[in-house]
Amino acid sequence: FGLPAIAKPRNEMSVVSKQIIGSKILTLLSMNFFRDNSKIHSNKKKIKINKMAIIRELLGKAPQLGENVFVAETAVIIGDVTMGDDCSIWYNAVLRGDVNSIKIGNKVNIQDNAMVHCTYKKSPTTIGNNVSVGHNAIVHGCTIKDNVLIGMGAIVMDDCVVESNSIVAAGAVVTANTNIKEGEIWAGVPAKKVKDISQSLIEGEIDRIANNYVKYSSWYKQE
């Protein structure tokens, strides 16, 4: 009876060593990755940030912006759009003057995620002076006169007229061809008049918000 063959032992130390070395390499790479990214976040000079909104000509018509206008990096302004002075167009807001014209006066703020559009060959959009269009609102093919507040998430549909010194409350849906008279507050779905506006609301809401957004936009221009 011969002795069983003795298998040659594996070089276990080399396997363990490789695992340890591999682990150390991954750790070092990981540390280096996070170290580099911390530099990016802590030192603006490390990266170049593209601060360009989409402002583009379409069908031979280019947006015309007034003086002292702020347009956020992710805003979109296209085509036949004219805008006065001291306006601000905020993040993800869209002004699409492709199928008709959009005319905006002075000291108008179009807040984040709002949409301003129009209807092809039928209903342009006109917005007067000292107007605030709240977050997520839609203003479509209608006329908004001076000193108006369109609340957050409100919708103003085609051929509506919102007269001066008026408020469309947050979440309201103003159906097509509605005429909101001067000094009225409308709310609900569909929107209806709820009361007349007071001077304190004009000063405390309409004027306050419009003035604040001129101030807010000035902070961003300093960056």
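Rings of Phe, Tyr and Trp (its six-membered ring) make an aromatic pair when their centres lie within 6.5 Å; planes under 30 degrees apart are stacked, over 60 edge-to-face, and the rest tilted. With that in hand, this structure holds 8 aromatic pairs. The model is predicted, with local features needing pLDDT of at least 70, side-chain atom pairs counting only at pLDDT 80 or more, and totals for chains, interfaces and linings using all residues. Residues are numbered from 1 along each chain as its sequence is written, and side-chain values use heavy atoms, leaving out hydrogens and water.

View 1. Phe70 belongs to strand β2 (residues 70–71) and Tyr220 to helix α2 (residues 199–221), 150 residues apart; helices (H or I, at least four residues) and strands (E, at least two) are DSSP runs numbered from the N terminus. Phe70 is buried at 8% relative accessible area, while Tyr220 is partly exposed at 36%. Here buried means under 20%, exposed over 50%, and partly exposed in between (1.4 Å probe, protein chains only).

**View 2. Trp90 and Tyr220 pair edge-to-face.** Their centres are 5.1 Å apart and their planes 85°. Trp90 lies in the loop between β4 (88–89) and β5 (94–104) and Tyr220 in helix α2, so this pair ties together parts 130 residues apart in sequence. Trp90 is buried, at 4% relative accessibility.

**View 3. One aromatic cluster takes in both pairs' rings.** Its members are Phe70, Trp90, Tyr91, Tyr213, Tyr216, Trp219 and Tyr220.
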